[in-house]
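Please consider the structure shown below. The paragraphs after it lead from the overall division of the chain to the details.

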Amino acid sequence: MKNGLPDDTTVKAALTLAGRAPSVHNIQPWRWRIADHSVHLYLDRRRALPATDPDHRDIVISCGAALHHLAVAMTAMGWAPVIHRVPDPADPDHLAAVTLIPHRPTPVDIELSKSISRRRTDRRHYTSWSIPAGYLGLFAERAAALGAVVRRIDDREPVRAAARVASGIHAGDEAYRFELAMWSGRHGSVDGVPARNTPAPRPADDLPARMFAGAEFSDPTSQPDHADLLVIGTSADDQVSRLRAGEAISSVLLTATGIGLATCLLTEPLEISAQRTKIREQVLHGSAFPQAMLRVGWAPTSPGKPPETPRRPLTELLVRDDEALGSPPQ
Ligand SMILES: Cc1cc2nc3c(=O)[nH]c(=O)nc-3n(C[C@H](O)[C@H](O)[C@H](O)COP(=O)(O)O)c2cc1C
């Protein structure tokens, strides 16, 4: 970048941290273009999951999480982002244009940024220690600043019912099972869900977890899961709302990590349209569109924290000038 804006090394360091964002099946469906005065985020539809995520909700949420990770990384490096979401109505895959202005990082900025490399999706059972109400309030406050609501789900029955139906539909859907088998049970790849990060299926679980292939993560916890369950929702259900939901999810995940809480996203029930509608009506009482759910809680103190999951190299994610992906921005 030029003209008093961050140098290339800083931008690439921030983009590398942005790439640590969570994504559905760890597909990392984002591309970046570094222009003279801005950084641009694009949705990479070639990495879509048509059977799992037919309306592309999860992949846009994933990009929203990467956008927020970029904002957090840049802020900690002394650059405040000004984000223009979906700047070109003719190109809905051009998700954001980010310009940067000098900023003095605060201790909170630095803390949030440190959480990027410490965060993991933790699929273990969580302990019965409760989460102080103030922490849940902080999640709600930070998500609201990004345009999303976070609610704790006290009556889980509608979610349990939706999760059972969704996992039954998916179990009978060959295309879904093929996609999941392709993207999980991985060893030594730069994307997908590694076998070493997924515990074996626990059929007695209250909320059925996604049935990733080749589970190799040993969870010594024998007690039932005591996670709190949160839902993240938005007032509309368009591209910008999904992007914002991803940003808010990232903010909640990084905040929770900073506190020492474990987290695990859970979206399978929302991938089936009729079940998403039920959760909207029965859990959010029609007040918001559910975008994702999240287990949050205190992980067991026994060793066995999930390892870091792999990421694609930044060179694969940068849009080259000669690539036909959106119009070249300034
Ligand atoms: C939109 C979205 C949906 C996800 N859905 C699930 C899910 O249903 N079950 C699950 O165990 N993990 C889910 N994840 C977590 C991803 O599998 C995880 O982020 C990815 O494997 C990378 O691992 P990491 O979060 O430890 O970096 C989801 C993540 C995102 C962003």
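The chain is divided into domain 1 (8-113) and domain 2 (133-297), with bounds that come from an automatic or database domain assignment. This is a predicted model, in which local features need pLDDT of at least 70 and side-chain atom pairs count only at pLDDT 80 or more, whereas totals for chains, interfaces and linings use all residues. Residues are numbered from 1 along each chain as its sequence is written.

Taken over C-alpha atoms, the centres of domain 1 and domain 2 are separated by 21 Å. Between them, 29 residues of domain 1 are in contact with 28 residues of domain 2; two residues are in contact if their C-beta atoms, placed from the backbone, lie within 7 Å. On the side of domain 1 that touches domain 2, the elements that give two or more residues are helix H2 (57-76) and helix H3 (107-118). Helices (H or I, at least four residues) and strands (E, at least two) are DSSP runs, numbered from the N terminus. H2 gives the most to this side, with 12 residues.

A residue is buried if 20 or more other C-beta atoms lie within 10 Å of its own, exposed if 12 or fewer, and partly exposed in between, with C-beta atoms placed from the backbone. H2 is followed by Gly78, whose phi is positive, near 95°.

The largest nonpolar core has 84 residues, of which Cys63, Leu70 and Ile232 touch the most other members. Such a core is a set of buried Ala, Val, Leu, Ile, Met, Phe, Trp, Tyr and Cys residues joined through C-beta atoms within 7 Å. H2 gives the most to this core, with 13 residues. Domain 1 and domain 2 both give residues to the core, so it lies between them. Not counting residues up to four places away in sequence, Ile232 touches Ala143, Ala148, Val150, Ala245, Ala248, Ile249, Gln291, Ala292 and Leu294.

What surrounds the ligand? The ligand has 21 residues around it, the closest being Pro22, Asn26, Thr121, Leu265 and Thr309; a residue is near a molecule or strand if its C-beta atom, placed from the backbone, lies within 6 Å of it. The elements that give two or more residues to this shell are H2 and strand E9 (262-266). H2 supplies the largest share of the shell, 4 residues. Each of domain 1 and domain 2 contributes at least three residues to the shell.
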